[in-house]
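These are my notes on a single model, kept in the order in which I looked things up. The sequence and the coordinates come first.

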Amino acid sequence: MKKLLLLSSALLLFITTSAQEGHKINAGIDMSFGMPYFNSDKNNPIAAGGSIGYEYDFIFFFGVEAGFRFGGFNQKVGYPDPNIGPGGLGENNGNFEDIYRGTFWAPYIAPKLYFPIGYDDKKDRARYVYLENRLSYTRMNLNLNKIINMTGSAHKYRLQYEIRAGYQFPVDDRWAINCWIGYNTFDFSKIKPEAIKFKNATPIQVGIGFNYIIKQ
């Protein structure tokens, strides 16, 4: 019984000292892709963005980040046929153009769960896998100038959800690099459905970033 208590205490001490990182600045870039289209007149939608945020670890395995995200999106389609109407697709003979394009920005909040998988003695930091849930209030802005019979721009605010599974490894006792793959609900066809006749979701996301401990 005494050995079991000593082992449990040692394990708890290891997890507490290796997983608690305190106050951090996080930054990253990511790219999201749409599902493949089996249509010669449409390329897959793409969204790319960056983010910067502040994270605080409340306990050894749980942290919350708040920050700001921004980026752009586009989709190439065949040159439109004026006889089809807004957003229509015509004969293009292999020519493609950015018909749907725009920008987005959003504040976000992101709870995270960390799971230590090893410790680097030289850098005095742990390596982790982590799970992040990110909720953002996104403003999406669509450029209408490339769409038939439309000019100007349109925008819409929407709640967006992302879930990321990642790996973080230390560079030194302050800096670390992380990479992730995830799922998100970004869909710019919701901005102006009458202008975009097909779904423009980009659910598959990959990204890379870094963090810096400002206070432990």
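**Entry 1: ground rules.** I started with the line-up of asparagine 26, which stands opposite asparagine 211 in E8. I note that this is a predicted model, in which local features need pLDDT of at least 70, side-chain atom pairs count only at pLDDT 80 or more, and totals for chains, interfaces and linings use all residues. Residues are numbered from 1 along each chain as its sequence is written, and side-chain values use heavy atoms, with hydrogens and water left out.

**Entry 2: overall make-up.** I looked up the secondary structure and found 1 helix and 8 strands. The elements are DSSP runs numbered from the N terminus, helices being H or I with at least four residues and strands being E with at least two. The order from the N terminus is α-β-β-β-β-β-β-β-β. I also checked burial: of the 216 residues in the protein, 42% are buried. Here buried means under 20% relative accessible area, exposed means over 50%, and partly exposed is in between, with a 1.4 Å probe and protein chains only.

**Entry 3: partners of E1.** Which strands does E1 pair with? I count two strands as paired if DSSP finds at least two bridges between them. E1 (residues 23-33) runs antiparallel to E2 (residues 46-59), and 11 bridges join them. On that side, glycine 28 stands opposite serine 51. E1 also pairs with E8 (residues 204-215), again in the antiparallel sense and over 11 bridges.

I then looked at isoleucine 52, which lies in E2. Isoleucine 52 and asparagine 26 are 26 residues apart in sequence, and their C-alpha atoms are 5.6 Å apart.

Entry 4: I followed the chain from E6 to E7 and found a hairpin that joins them through 4 residues. E6 and E7 pair in the antiparallel sense over 9 bridges, with glycine 166 opposite tryptophan 180. E7 and E8 also pair antiparallel, over 9 bridges, and cysteine 179 stands opposite isoleucine 208 there.

Which side chains of E7 (residues 175-184) point to the buried face? I listed Ala176, Asn178, Trp180, Gly182 and Asn184 as pointing to one face and buried.

**Entry 5: salt bridges.** How many salt bridges does the structure hold? I found 10, taking a salt bridge as a side-chain nitrogen of Lys or Arg within 4 Å of a carboxyl oxygen of Asp or Glu.

I opened three of these pairs. Lysine 112 forms a salt bridge with glutamate 55, with the closest N and O atoms 3.2 Å apart. Lysine 112 is in E4 (residues 96-120) and glutamate 55 in E2, so the notes carry this pair as a link between distant parts of the chain, 57 residues apart. Both lysine 112 and glutamate 55 are buried.

Arginine 69 and glutamate 162 meet in a salt bridge at 3.6 Å, N to O. Arginine 69 lies in E3 (residues 62-78) and glutamate 162 in E6 (residues 153-170), so the pair ties together parts that are 93 residues apart in sequence. The relative accessible area is 3% for arginine 69, which is buried, and 0% for glutamate 162, which is also buried.

Glutamate 132 forms a salt bridge with arginine 134, with the closest N and O atoms 3.0 Å apart. Glutamate 132 counts as buried at 2% relative accessibility, and arginine 134 is buried with a relative accessible area of 2%. Salt bridges that share partners join Lys24, Glu55, Glu65, Lys112, Glu132 and Arg134 into one network.

**Entry 6: valine 129.** I placed valine 129 in E5 (residues 125-143). Valine 129 is partly exposed, with a relative accessible area of 33%. The C-alpha atoms of valine 129 and proline 116 are separated by 6.6 Å, and the two residues are 13 residues apart along the chain.
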